[in-house]
Amino acid sequence: MTDNLLEVRDLRLDIVSGGVSHNVVDNVSFSIGRGEAYGLVGESGCGKSITALSIIGLLRKPLAVTGGTLNFNGRDLRGLSKGELRRLRGEKIAMIFQEPMTALNPLSPVGRQIAEMFVLHKGATWKEAERLAIEALGNVQVPAPEERVKAYPHQMSGGMRQRVMIAIALACNPDLLIADEPTTALDVTVQAEILKLVKELCAARGTSVLMISHDLGVIANMCNRVGIMYAGRLVEERPVADLFLHPAHPYTGGLLKSLPQLGSRRLEGRKRLQEIEGTVPSIANFPPGCRFQPRCHRATPVCSAEIPPLSALSHDGFVKCFNHER
Amino acid sequence: MSDNNEPLVRVDNLSVHFPVRNGLFGRTKRTLRAVNELSLTLNKGECLSVVGESGCGKSTLALSILGLQEPTAGEIFFEGRSITGKAQPTRLERAGMAQMVFQDPYASLNPRQTIYTSLAAPLKLHGVKDRAEINRRIESMMQLVGLKPEQARRFPHEFSGGQRQRIGIARALILNPKVVVLDEPVSALDVSIRAQIINLLLELKERLDLSYIMISHDLSVVEHMSDRVAVMYFGQIVETGSWDRVFTDPQHPYTRRLIGAILDPVTELTGQSPVDTRETPEPPAGYDYYPREFGKHDVYSLPPASQLVALREDHSVRLIARG
């Protein structure tokens, strides 16, 4: 038995509709330790969000888990009934989404939406729960929480709404917080505040975090270990510093080089950004072998013939590439 | 012809206010001040970036320059000619002056029209009647933005996000405008595609002698692309100057706050920020930076009198007299 909180092994997700099936997530394995912040990085459509949804059992048809195991705290999540999953969600695993306005109920005061967590999962009375909600709102640094519990989501700013989401998510002290692009819809200065808040609250409670983002800066700021997903596969996993300072997969390296880096124009003048040629393949026609191979500048014939196996790297990292950086 | 000293675009004391009705039956009327006495200039061949957070008025400013938003007060000049008020040009004339590239190219292209139809419509409106001429211009425009001419027969949904943004750029450039307003041109795109579009925009600027006004909140992209930068906070410019002055030596606390909030992966890990944003430099004697406090701004009331003061050549900050 390992000490990991979450173990995802060989996860496979497919879109099955009308007898046709398309693979969207292929053999994804990763684990998250207790108190660890793990980042899952990838572009839109790479399968990072649905991987997260499969963990909390929120996948909807036509998407389905077609293989692999999801182990949380020693329990097999795939074997749980709907009721068991519902109890787990919110209490042990909580999630915050990109756009708090669509995740919150517009017709209910935010205080009630927080209080609901205590009533549903902790068996508190509404009166008790209301007091706890004020406390929870204070914990996420919403000013004048006694007043703000009565506010409706539309009366709050984007940053305040995301604080409410965090208060709901952390209300029951979950073991795992899944954050799916939690700051993408926010202004930069608000983003910095929200990330700091999530980091501090999770560190204080020992909550593990699964952070999903396409923003490498956010991931570097928040996470200990990072997995890079491309077209449904995990192609590289490393401790955060190794990944960003010495990327091994050509996709990771290309991604880092393609972004303008703050301060580099001053030091080296304006250089043409290094592009990654081509576009992200669509689910309906993934290329054979390595899925990055058609865009890869290091590709060799073997890349389109076979799926690259896992190569171990120092510090518990791995990369799946025949021609990776050493 | 414009004389050499006249900038391409000059915004002079622009104010845009919106009446907002509130209260029971909309009886209380208030004025939302989106842009307050803002002045700026865009020189030929320049990329001027307007940065700021949502609600700061940067999009209202862009719409005014495009002629899509009537200013409450102030004037905008294009090559020395006023384009606001009584003397304003027709919409057709304006379309040849400035065009816009939108953030989400999918939302800005008609899904039921082929790319050809979308690109041909402005040409026809502007009096290009000859079929062969239209075909030739569309063909060369498609090549210019890195697409194949035959792809013009397709519909927007047949393209990827990056290709759609190329089409958005083609649509903006088909009338040969002198100014292109770029509204968050890469923020809706996949990370691995952004470099392609940024490179394309910089190339086109050189090749076609374009001038850009870029609206963005992504400061890494702004630093890479801009010649000059204007930082906006609630309807006013709080700091403006050449890109290197604003990024190397930011003076205003708000600019420093914005730059300090950038999450750059390498900076995060090495802890070496290219700019020390912790301590705000001393303002000139007798003055203080305006504003000093953030997040408490009232968009309905007139801000106190403050001025944009030049600290040195091509670098100004907003100051308020102490006392």
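1. In chain A, residues 24 or more positions apart account for 64% of the contacts with a separation of 6 or more, where contact means heavy atoms within 4.5 Å. This is a predicted model, in which local features need pLDDT of at least 70 and side-chain atom pairs count only at pLDDT 80 or more, whereas totals for chains, interfaces and linings use all residues. Residues are numbered from 1 along each chain as its sequence is written, chains are lettered from A in the order in which they are written, and side-chain values use heavy atoms, with hydrogens and water left out.

2. Along its principal axes, the C-alpha trace of chain A spans about 65 × 55 × 40 Å.

3. Of the 326 residues in chain A, 54% are buried, that is, under 20% relative accessible area with a 1.4 Å probe and protein chains only. Chain A exposes about 14400 Å², and carbon and sulfur atoms supply 52% of that area (Shrake-Rupley method, 1.4 Å probe).

4. The secondary structure of chain A comprises 13 helices and 12 strands, which are DSSP runs numbered from the N terminus (helices H or I, at least four residues; strands E, at least two).

Methods:
Buried < 20%, exposed > 50% of the residue type's maximum accessible area, 1.4 Å probe, protein only.
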